[in-house]
Amino acid sequence: MKEKVSQNSIKEALNLLPVGICYFTLNGTIKLCNSQMYRLFRTLAHKDLQKLSELREALHSNIQNEVIRLTDKKEIYLFPDGRAWNYQESEVKDKEGNVYIEAVFSDVTKQYHEKINLTRQTEKLKEISRELRYLSDNVLILTREREVLAAKTKLHDQMGAGLTAIRQSLAQENADYSNAVRLLRQAVNAIWNDNQYPLEEGEFERFLQDARTIGVKVRCTGSLPKEEEYAHIYILAMRECLTNGVCHAGATELFITMQEDKDCYHICITNNGEVPEKEVVPKGGLYNLSRHIFDYSGEMHIQSMPYFALTITFQKKELDHEEGIDCRGSEDAS
């Protein structure tokens, strides 16, 4: 008898399983059920399991005797002892071809708590990401303001140089005042333009005004992206190229081309300044700009030879037919 598998040995083996399992006939009566299933159903319905319809009815409610259904898409239930169970039904056949309904409760407590921890970590990472983006935005703004301030300081220095040149010319007989007057007039005009700064204008208009202030012509074709965050990054890139072009290449003109196709936004910025002596490596403002672009899943490429060019590409979030902010026809900044 010890060498044969009997009904009792099958029942004992079934009771040792960690899952709750029960086999019902097609009319819903119990054929075979283990002790774990009986315990779970007793917690769920406060009575003994007799039919499949009773089990289904008990599971139908989201909350039943402190048992909580966690999701509508999957039948996962949280029991009062803190353990989570996943319920599944399927049809099985025996060797004679008889069909039975197999009902199984699988313990998914570990996966449930791991999912909770993962959700908490994801929310924490999102919060950190928002803080980093905020800091990145502030770094870009501070960098832009610092560089624009440096350019304006340079203009004030030019005014001082013009005044000094005129004073020296007055001390000399038959001196040529034309160069001194030209230098002074250029600085005065730039400072006057800066004082006319229109506070009510948008970011792009303010950029054009700043370009006029430091004596750079902006030749722009195309339209800003309709997504506000992309348009903001475009203008940050324009400002970065403006200040770098003036400070490092002596540029007097900035060329901006913005294009849009079915899937992407593109912008390319060049200038008429001197060709870089070596490959341009992003640092300072350009590095901060690249990190900002990466945060929005964009790409930035820098061309150093035969001329400097900054290219930015963004994949569109969604396709629509709204119009962008049209920059074509805007007057040159001088």
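Is Glu 89 buried, partly exposed or exposed? Select it and show the surface: Glu 89 is partly exposed, with a relative accessible area of 34% (buried means under 20%, exposed over 50%, partly exposed in between, using a 1.4 Å probe and protein chains only).

Before going on, a word about the model. It is a predicted one, where local features need pLDDT of at least 70 and side-chain atom pairs count only at pLDDT 80 or more, while totals for chains, interfaces and linings use all residues. Residues are numbered from 1 along each chain as its sequence is written, and side-chain values use heavy atoms, leaving out hydrogens and water.

**Stop 1: Glu 89 and its partner**

Glu 89 sits in strand S6 (residues 84–93) and Arg 56 in helix H3, so the pair ties together parts that are 33 residues apart in sequence. Helices (H or I, at least four residues) and strands (E, at least two) are DSSP runs, numbered from the N terminus. Arg 56 is partly exposed too, at 42% relative accessible area.

**Stop 2: H2 against H3**

Now colour helix H2 (residues 35–45) and helix H3 (residues 52–60). Their axes come within 10 Å and cross at roughly 50 degrees (axes are lines fitted to C-alpha atoms, for helices over the stretch in contact, with angles from 0 to 180 degrees between N-to-C directions). That makes H2 oblique to H3; angles under 35 degrees count as roughly parallel, over 145 as roughly antiparallel, 65 to 115 as roughly perpendicular and the rest as oblique.

Show the side chains of Phe 41, Leu 44 and Ala 45 on H2, and of Glu 54, Leu 55, Ala 58 and Leu 59 on H3: these make the contact (heavy atoms within 4.5 Å).

**Stop 3: Arg 83 and Asp 107**

Next, pick Arg 83 and Asp 107, whose side chains form a salt bridge at 2.5 Å, N to O. Arg 83 is in the loop between strand S5 (76–78) and S6, and Asp 107 is in strand S7 (residues 99–107), 24 residues apart.

**Stop 4: along H4**

Move to helix H4 (residues 109–170), where Glu 123 and Lys 126 lie three residues apart, about one turn of the helix. They form a salt bridge, with the closest N and O atoms 3.9 Å apart.

**Last stop: a network**

Finally, select Lys 226, Glu 260 and Lys 316, which are linked in a network of salt bridges. The structure holds seven salt bridges.

Notes. Salt bridge = Lys/Arg side-chain N within 4 Å of Asp/Glu carboxyl O.
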